Amino acid sequence: LRAINVDLQTDAALQVDISDALSERDKVKFTVHTKSSLPNFKQNEFSVVRQHEEFIWLHDSFVENEDYAGYIIPPAPPRPDFDASREKLQKLGEGEGSMTKEEFTKMKQELEAYVDLIATFFFFKSLFLCRVAAHPILRKDLNFHVFLEYNQDLSVRGKNKKEKLEDFFKNMVKSADGVIVSGVKDVDDFFEHERTFLVEYHNRVKDASAKSDKMTRSHKNVADDYNRIGSSLYALGTQDSTDICKFFLKVSELFDKTRKIEARVSADEDLKLSDLLKYYLRESQAAKDLLYRRSRSLVDYENANKALDKARAKNKDVLQAETTQQICCQKFEKISESAKQELIDFKTRRVAAFRKNLVELAELELKHAK
Amino acid sequence: QSSPSSPEPASLPAEDLSTNSNGPKPAEIMLDDDREDLFAEATEEVSLDSPERDPILSPEPTPAITPVTPTTLVAPRVESKSITAPVIFDRSREEIEEEANGDLFDIEINVSDPEKVGDGMNAYMAYRVTTKTSLSMFHKNEFSVKRRFSDFLGLHSKLATKYMHIGYIVPPAPEKSIVGMTKVKVGKEDSSSTEFVEKRRAALERYLQRTVKHPTLLQDPDLRQFLESSELPRAVNTQALSGAGILRMVNKAADAVNKMTIKMNESDAWFEEKQQQFENLDQQLRKLHASVEALVCHRKELSANTAAFAKSAAMLGNSEDHTALSRALSQLAEVEEKIDQLHQEQAFADFYVFSELLGDYIRLIAAVKGVFDHRMKCWQKWQDAQVTLQKKREAEAKLQLANKPDKLQQAKDEIKEWETKVQQGEKDFEQISKTIRKEVGRFEALKDFKTVIIKYLESLVQTQQQLIKYWEAFLPEAKAIA
């Protein structure tokens, strides 16, 4: 497996990476490896095995934590869908007796694709953990430490139907609310600008991500075609041993080599471009969520102000209204403060990630073209 | 190849020969058959020696054929004359063929200038057919005519009717395309209809070039008329949905059924082997053709998707508020756009160079299979004649016993008639077998593929070189993001 190089500000205090992936019957297990000099942990270096559901559990716990309302919650890694790929491999493996050259090449291709798929999910999961580990506040989270250290199964079950339905309604309410809340103009220029920017950016990243995926798939199709052509030429070449047949065999070899390279071009584009865009689609969504939470708290604050005025006017429940207003004010200010920093960091990270990936993409494309 | 024995003295009057050599003659076909019988002995030694001699994909130069590449015409070369029969007649058929061989196709055909004639559903494309030649059978050295697609089909139909049943592999004409033509007729001036017309023009050119390379077909007066005459009677029976067209389809179906029921006793291993080889070749070429067409399709998709991504990346670059990153993203968009263009050009190369030639060969092999089928039918006719003869003999024997003198005479006459038919049947069968052997020897499958494939690989290399340039230009931009 290629080394996944996730470039984030990690320091010696806490370094997290995914060192391994094990593919079992119907799930993939990832080995999370931690190196830390923090006193919170029993050892300096240790590993645990985690499944996808456990990553999601961790992510959700961040989202539901009120204290973290002012931060961009690192986006949850997407669910690995190996089923289609695994099925294909099984079918190919079930072939009785010997395989044709074409079938064999196809099997190799599918294996490579499977490995690439795992690499992609590696990437997202690593990125998730590294983001958490790099965040000054989130890295201290207790659930995070449990996730890293507890070497038993966390017994996290996936959400059942009722919970999923609740989530669905929550999201609906949130988006409806988001519409109302976004109508409120922000007094702060910085946030107003950020909001406009993020909405547009998010939409465009979504579009670019989809188009990039399509482009990558087309590349893969072309590589597949080269495989078939190579096999056909090989069949023609083995008819007899005349010069033209030898020529065909040579060309067939050439197509095989070309296919390998085209397949790599497709895979690298996928990794450097498509995955990058996919990730920033999620991050920009997380950033939008942050802004929503801030706007929400602003609305709450303004409502609390109005309520306080009313209470003072009627001289009823003033103390309660004052307390509420205080809380809202604090919440709003806390969120605003951290949000500003978070959004600045988001930009820095984004620029660095794009730079790194675009440079690597160009270098790989050059290598393959040569 | 050994020298031939001297031919038999002619049984044909001299004047028939001289007139035949200069212009079209109505009783052409019969004369041809006689001539072939005449030269059967002379050419015997020259034909293929042993059955196991040549694999189908032999690159050895045989007397007549030269490859037909879609874009270039091979320069004529002088071959050593393999037939050295002494001259007996003024302009013997053999000699004319000799002259053709000797000049080796000093004839160059170009199809150009597609022009739409008429409007609406009655419109058609007219193509200019230009011939340059030094062969004396033509009236001029350089001339051109305007022909439409159905004219080409008409020519092929005539040639096929005359020559295929006696074993000559007549190159097939390009395929009809109702969809393609309708678009052109209706006046859709888009890239797909231009592509279609160009594809057709090139196919028509290749078709004519292959046809004139066939020494026997080159003699044909219909071909000459096609190339030379300013006016050509309209070939109405080639319309796809005409009565004749439907009749053809029915005949084809009937033939297919017949083929299944003819169980030929193949005494000649050579034929069995060749048929199998052609069958294999056919299957493989079809597979290859399908793969190449899939490649063309996917390449076009890739081009479209790259263009869409380029636009999207440009938009993203616009909304990015970090200046350097924004610029880099716009650059990325530009690179992808250029790459899209490259993909489009590559797609064109994929299809034109490779795929079209494959299609030609698949149709050519179908013609070869047709010729083998004709031989089977010929055999069947011979066998049927033998069966009938046997029956007549049995009938005569019965009449002998019954002692009926008038009917007996009639029976004897019939026996004589069928004896002749059996002899003819055997002769025809041997003749067609001989012709096919010669024809297959000329069929150098796949040799012109080499040129075509090399050209295609070169185009792939060029594409990659361009890609290198584009990405090299982009890299510093990406690195400049601060």
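How far apart are the end C-alpha atoms over residues 401–435 of chain B, and what share of the chain is helix and strand there? In this predicted model, the end C-alpha atoms of that stretch are 45 Å apart, with 94% of the chain as helix and 0% as strand.

**View 1. The annotated region of chain B.** The UniProt record, an unreviewed entry, assigns the feature "coiled-coil region" to residues 401–435 of chain B. Over these residues the predicted chain is 94% helix, and strand accounts for 0%.

**View 2. Secondary structure of chain A.** Chain A contains eight helices and three strands.

**View 3. Overall dimensions of chain A.** The C-alpha trace of chain A spans about 105 × 45 × 40 Å along its principal axes. The radius of gyration of chain A is 26 Å, whereas a compact globule of 370 residues would have a value near 21 Å.

**View 4. Burial and contacts in chain A.** Of the 370 residues in chain A, 49% are buried. When contacts between residues at least 6 apart in sequence are considered, 73% join residues at least 24 apart.

**View 5. Surface and charge of chain A.** Chain A carries 62 positive and 63 negative side chains. The centres of these two sets of side chains lie 1 Å apart.

Key: Residues are numbered from 1 along each chain as its sequence is written. Chains are lettered from A and ligands numbered from 1 in the order in which they are written. This is a predicted model: local features need pLDDT of at least 70, side-chain atom pairs count only at pLDDT 80 or more; totals for chains, interfaces and linings use all residues. Side-chain values use heavy atoms; hydrogens and water are left out. Helices (H or I, at least four residues) and strands (E, at least two) are DSSP runs, numbered from the N terminus. The radius of gyration is taken over C-alpha atoms; the globule rule is 2.2 Å times the number of residues to the power 0.38. Buried means under 20% relative accessible area, exposed over 50%, partly exposed in between (1.4 Å probe, protein chains only). Contact means heavy atoms within 4.5 Å. Lys and Arg count as positive and Asp and Glu as negative; His and the chain ends are not counted. The place of a charge is taken as NZ of Lys, CZ of Arg, CG of Asp or CD of Glu. UniProt positions are given in the numbering used here, feature names are shortened, and annotations may be inferred rather than shown by experiment.
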